[in-house]
Amino acid sequence: MKVVGRFGSISTRILVILALAFLLIILLVYWVIQTQAKPRILAMTSEIVVETGNEAINSIMASINHVDGLAKATSTMVGGLPKQDDIYKQTFGNLMQQTDARIVGGGVWFDPNMYVQGRERQSFVWARDTSGVMQPLTRYNQARQTPTPYYRDWWYIPAMYARHDHCVWSRAYVDPVSNQRVMTCAKALYDSRNQAFDGVVSFNLLLDNLGAAMKKWQDKLGGYVFLVDLDNRFLAFPEQSKVTQTTENNPQGEVVTARQLAAQSPGFAPIADSLERINHQLIDEALAKDEGRFTLAARSILSTTNLDKISEQESKLLSALLLLNIDQTFALVDSHLVETIAVPDDFILQQPATAFVFRMPFTYWKMVVVKPDNDMMSVANALSDKLIQAMLLGFIPILLLTAWVFRRYFTRPLKRMADAVADMGALIEQKQYQQLSAHKLPASAVSEIHVISEQTNHLIDRIVENEGALAEINVHLEKQVAARTQDLQQAMDELKASQVQLVRSEKMATLGQMVAGVAHEVNTPLGYVRSNMELVGDNLGRFDELIQHTEKLLQVLKAPNTPPEKTEQLIVQTLQCCEAIKEDEVSEDLADLIKDGLYGVDQIAELVVSLRDFSRIDESKVKEVDINDCITTSLVMARNNLKTLDVSTELAELPLIQCNPSQINQVLLNLFNNAAQAMPADRRGTLHITSSVDDSQQYLAVSVKDNGLGIEESKLVQIFEPFFTTKKAGEGTGLGLAISAQIMEQHHGRMEVSSVVGEGTTFTLLLPVQSTAHKSKPARALFENE
């Protein structure tokens, strides 16, 4: 009892409901964050990384564009100068003196015999000394100091084959003199008089600032950022020592490729695979554009370059770059993202990460942003945690405040009222009416409780006032009731038995009329179910034939000395049988036949269920019912009688009401049958059924309207009388509408009728929304005199 009392409290129940609702809200918020917010935030974070990466690419492109413009301007200027040493030294020297600190050297490199006839080497080269001052160099013109000619170097040859007006960028390398990491921008030089190839103009760009730039973008993005050139050699990397190695040929150190780093650190392999995949795509694009020119350029670059200065893969990449850059222009606004890849265990971050690979459109350098997955989801995780914490902390004071408010303004007044009412009940049971005045309910600040208290106190006053008169009347009534109770009870029992029997008889008569229609309705689907089953049996014979062929084939295959000809013959027969079944679409036909058969069985089942529901005669079974379901069931039962009518329905959404569905079905079926029988032979009958809630929201209205012969006004007042009928002798009992009217009265409803002769009749059933059909009500005799 203590547990029941504790959880029976209104305040406790309200608090439990609030807690459950709050828990549901938290689960919903968590689900929304996991399924909607986190993917969206991850996408937004990725978009920010992509936008920042594009910004970084555009920033680098701006610097490259500056050097490219310088090379183009120098090429044009040098191509128009007369071939005199003083002019080149002064003009090109002044230009080199004015370059910024990022340009650490450059030169004009003439092709053999193009500057002076018979002279193999002629160049004008400038480089910065240790103090950063640009100084001229002459050693490249002396054969004994440079045994390998510059015009066969790996940066010179691609520029000679380029067919566009931009630089050809070399790979990153360490300058042997300054020991600095640089790249060379090489631009072909043409004679302005005859546009013949004269040589190459070059500028050496210092790459140290790339490391600082990548550090800036890395601080902005998180994770780490690095840059590789066309051949996937590292231009900038967070830990430069990891991407630089010293060899016997290059004691000053050389930059490794992404694949070489992946061989040392397997965690870098996914990124290296992506970079190589992008290079393969570059070569494939060049092959698709002009395979012949691509192959010729790659072989020429490889064969003309000094031995061991360039690899076959690099010659292909340079050839692709030369071919694709014919139509390229500097693009500083487009998205440069090529690929987004997952890195399960990054070798630097030591955790799962996502790599964003960007490609620079003109040089085809690649920038890679590697961001930890934890950083990608940190905002969403923090938002989820803070939101749930705030909701949990905010719910506790709300719960306590709600408990106090309910106890103060609701639970306590109700408890006082319940105690007072219990005391009143004890006094009334003891018939001590005069003492009720001492237990009047106190006034309350809650308006609803105050109204109850006021009305209860008023009732107490009335009880006390009339207590004397009521006592005398009660004594007299008790004597009269005692005298008549036995007679009334006997009469009531007989009346109820007669009424029930009469209603059942009428219902069974109606049911008998429906049986013929139901039998006809069942025969139709039963006929095509039988037909379909026969066709299924015929089609299954085809599969039996296939099984026989298969069994013969299995027996032959198991036999050790079976001739191959017989085996082959049986295989052919089996395959032919399979093909015949497949061509005739036997499986599809079986599926369709079974589907049609099941549909027919469903129709029969629907009729049987409707007949069963209608035939229930349990008059005491009152439950919540949707009247629209009663209309639908009754229409199914009357389908055969209504087949000559055009039946239409207009059913509104109705609240559930308490009633006896079997009795309501009987009323509706009587109305449908009467409408079908009221149709003249020369007119196409219509039946329109509507359901709605009346304007007062107190009654459900079901209207059954036909366009039959109609009923004369003089007969309308008699149609609900027992045994009155407008039909011919032997065609009706005259009890259908009388029983229907009594059923409606027992449900505290009513039946209305309106009719116009020659136009039709409308019956309207009105059932209360707040039904009291379950309450006891004196039964009215069906044949009593009025």
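The report below goes from the whole chain to some of its parts.

## Before we start

This is a predicted model, in which local features need pLDDT of at least 70 and side-chain atom pairs count only at pLDDT 80 or more, while totals for chains, interfaces and linings use all residues. Residues are numbered from 1 along each chain as its sequence is written, and side-chain values use heavy atoms, with hydrogens and water left out.

## The whole chain

The protein has 17 helices and 21 strands. Both are DSSP runs numbered from the N terminus: helices are H or I with at least four residues, and strands are E with at least two. Of its 786 residues, 41% are buried; buried means under 20% relative accessible area, exposed means over 50%, and partly exposed is in between, using a 1.4 Å probe and protein chains only.

Contact means heavy atoms within 4.5 Å. Among contacts with a separation of 6 or more, 68% are between residues 24 or more positions apart.

## Two annotated spans

UniProt, in an unreviewed entry, places the feature "transmembrane region" at residues 12–33 and 387–406. Its positions are given in the numbering used here, feature names are shortened, and annotations may be inferred rather than shown by experiment.

In the model, residues 12–33 are 100% helix and 0% strand, with end C-alpha atoms 31 Å apart. Residues 387–406 are also 100% helix and 0% strand, and the end C-alpha atoms of that span lie 28 Å apart.

## Nonpolar cores

A nonpolar core is a set of buried Ala, Val, Leu, Ile, Met, Phe, Trp, Tyr and Cys residues joined through side-chain atoms within 4.5 Å. The largest one has 47 residues, and those touching the most other members are Trp 169, Phe 203, Leu 227, Trp 365 and Met 367. Helix H2 (residues 10–79) gives this core its largest share, 11 residues. Another core, of 39 residues, lies apart from it and includes Leu 654, Met 679, Leu 700 and Met 751.

Leaving out residues up to four places away in sequence, its contacts include Ile 60, Ile 64, Trp 169, Leu 227 and Phe 358.

## A pair of helices

How do H7 and H8 lie to each other? Helix H7 (residues 269–304) and helix H8 (residues 312–324) pack at about 105°, with axes 7 Å apart. Here axes are lines fitted to C-alpha atoms, for helices over the stretch in contact, and angles run from 0 to 180 degrees between N-to-C directions. H7 and H8 are therefore roughly perpendicular, the word used for 65 to 115 degrees; under 35 is roughly parallel, over 145 roughly antiparallel, and the rest oblique.

## Towards the end of the chain

Eight of the 11 residues of helix H17 (residues 736–746) are buried, so H17 is largely enclosed by the rest of the structure. Among the buried ones are Leu 737, Ile 739 and Met 744. After H17 comes His 748, with a positive phi near 60°.

Val 769 sits in the segment after strand S21 (760–768) and is buried, at 14% relative accessible area. The C-alpha atoms of Val 769 and Leu 700 are 6.2 Å apart, although 69 residues separate them along the chain.

Most residues other than glycine have a negative phi. Asn 232 has a positive phi of about 65°, and so does Gln 350, near 60°. Asn 232, in the loop between strands S8 (224–228) and S9 (234–236), is buried at 5% relative accessibility. Gln 350, in the loop between strand S12 (337–343) and S13, is exposed at 57%.
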